[in-house]
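Let's take a walk through this structure together, one spot at a time. Have the sequence and the 3D view ready.

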Amino acid sequence: VQSQAKFQKTGIKCVAFWKLALNSNDKILYGSYIRNKKMKNIKTIPSTDGYHMPAEYACHKGCILIWPQRPGSWKKNPEAAEKAFCAVMQAIAESEAVYLACGKAALPRAKAFADEHNRQFQREISEKKHFPVVVFEAETDDAWARDIGPTFVVKDDTVRGISWTFNAWGGEEDGLYASWQKDDAFAVAFAKREGYVCYDASPFVLEGGSIHSDGEGTVMVTESCLLSRGRNPQLSKAEIEEKLQQFLGAEKVLWLPRGIYNDETNEHVDNVCAFTKPGEVVLAWTDDESDPQYVLSAEDLKVLEQETDAKGRKIRVHKMLIPKKPVCITEKELAGYVFEEGEDTREAGERLAASYVNFYIGNKVVLVPQFGDEHDVLATDLLQKLFPEREIVPIFAREIIIGGGNIHCITQQIPVRR
């Protein structure tokens, strides 16, 4: 989906394009490929070129998701996970376009969902009061768009992507599956498809869920993740920070010690702490000192209370309680998984890294995971206070968390070209 300005240059009205999007995904995808096949990766430095990573609460062109298929994450029959993903996409499409990647085997199911959505909202889409779901074929190893999609950086009215090296959250050291080549290729493939120049950050290993930006020069990460032995063991902490400065335009990096207890990504920052505006964050929290999360969150709070951001502001911390009752995988759920050789397995009763901080900030909505817990409403109430101009949309997300992540993990925003 291109901007109105782009279509004005070609003499095509936006309304006509939306109708084309509704009637023929295949034609759009083929045309997009032909139009953008000459886009390339570049090895220059984004910050040197004047680019920086915007905040998630800045305006989006759209959002990338990937249809769930992997039986070791979404079970042999992924129907329940598909429903959860569709609920996320329907909420996002209220204010931005959805770009849905899907492997060939499940493509008919993904297209059926998109076609029904686009038919249902055809008039609203033509009036730009709603947005389409655009499906395209892409083979991936799993559905974590945040971690394998491009990280986008902006400069004035231009947007570029960054392709990091992806190694399944730890490679041979502690990666979660043995083969990740298709995931590693996705960022470049998407950038090429949509016509974005893409910076090649290889061989630096990073995932989108391991970084959070305030859009004003501050980037937040966790030491437990970025300093893990399975990512960039040859680099020191100072050298990793320099990479973040170079590629994300970071003027200051906030290093939180830990993430969420039992987070298999080595504790991504997006599950424990997130910017809600410049100078303000939400931090996953528990008042139960016997909970293993208490010590981890307390370490983070101590750092945040002592730090300032890139503009010299003290950080205001809003505590967001984790679910009161630990979210654990059941025997029945476990029976549905089919794990490949070399893939990380699960155990019945295993505590999952459930956190309300794993929300997605859309243009007019904030999607927050719900777990059927008494703390669910506390999370939605807090977010409504922090985002009064957005609608807070609760999404029952158990079928996403049992896959290993949550709403923020399966989404990747695309900044708008201004």
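A bit of housekeeping comes first. You are looking at a predicted model, in which local features need pLDDT of at least 70 and side-chain atom pairs count only at pLDDT 80 or more, while totals for chains, interfaces and linings use all residues. Residues are numbered from 1 along each chain as its sequence is written, and side-chain values use heavy atoms, with hydrogens and water left out.

Let's start with the sheet. Strands of a sheet pair through backbone hydrogen bonds, either parallel or antiparallel. Here, 3 strands make an open sheet with mixed pairing, in the order E8-E9-E10. (Strands, E, are DSSP runs of at least two residues and helices, H or I, of at least four, numbered from the N terminus; two strands pair if DSSP finds at least two bridges between them.) At the edges sit strand E8 (212–213) and strand E10 (252–256), each pairing on one side only. Strand E9 (residues 218–222) runs parallel to E10, and 5 bridges join the two. For one of the partners, look at Thr 222, which is bridged to Leu 256 in E10.

The structure has 7 cavities of 30 Å³ or more. On a 1 Å grid over the protein atoms alone, a cavity is a set of points where a 1.4 Å probe fits but cannot get out, and its lining residues have an atom within 4 Å of a point. Grid points are joined across faces, edges and corners, and the volume is the space filled by probe spheres set on the points.

The largest cavity holds about 200 Å³. Its lining has 20 residues, with Trp 144, Leu 176, Glu 264, Arg 346 and Gly 403 nearest the centre. By class, that lining is 5 nonpolar, 8 polar and 7 charged. (Ala, Val, Leu, Ile, Met, Phe, Trp, Tyr, Cys and Pro count as nonpolar, Asp, Glu, Lys and Arg as charged, and the others, Gly among them, as polar.)

Last stop: Asn 358, in the loop between helix H14 (331–334) and strand E14 (360–361). Is Asn 358 buried or exposed? Asn 358 counts as buried because its relative accessibility is 0%, and the cut-off for buried is under 20% (exposed is over 50%, partly exposed in between, with a 1.4 Å probe and protein chains only). The side chain of Asn 358 reaches the backbone nitrogen of Ile 407 at 3.4 Å and that of Cys 409 at 3.2 Å.

How values were computed:
Polar contact = N/O pair within 3.5 Å; in protein donor to acceptor, adjacent residues only side chain to side chain. 1 Å grid on protein atoms, 1.4 Å probe; cavity = no way out; pocket = protein on both sides within 12 Å on 5 of 7 lines; lining within 4 Å.
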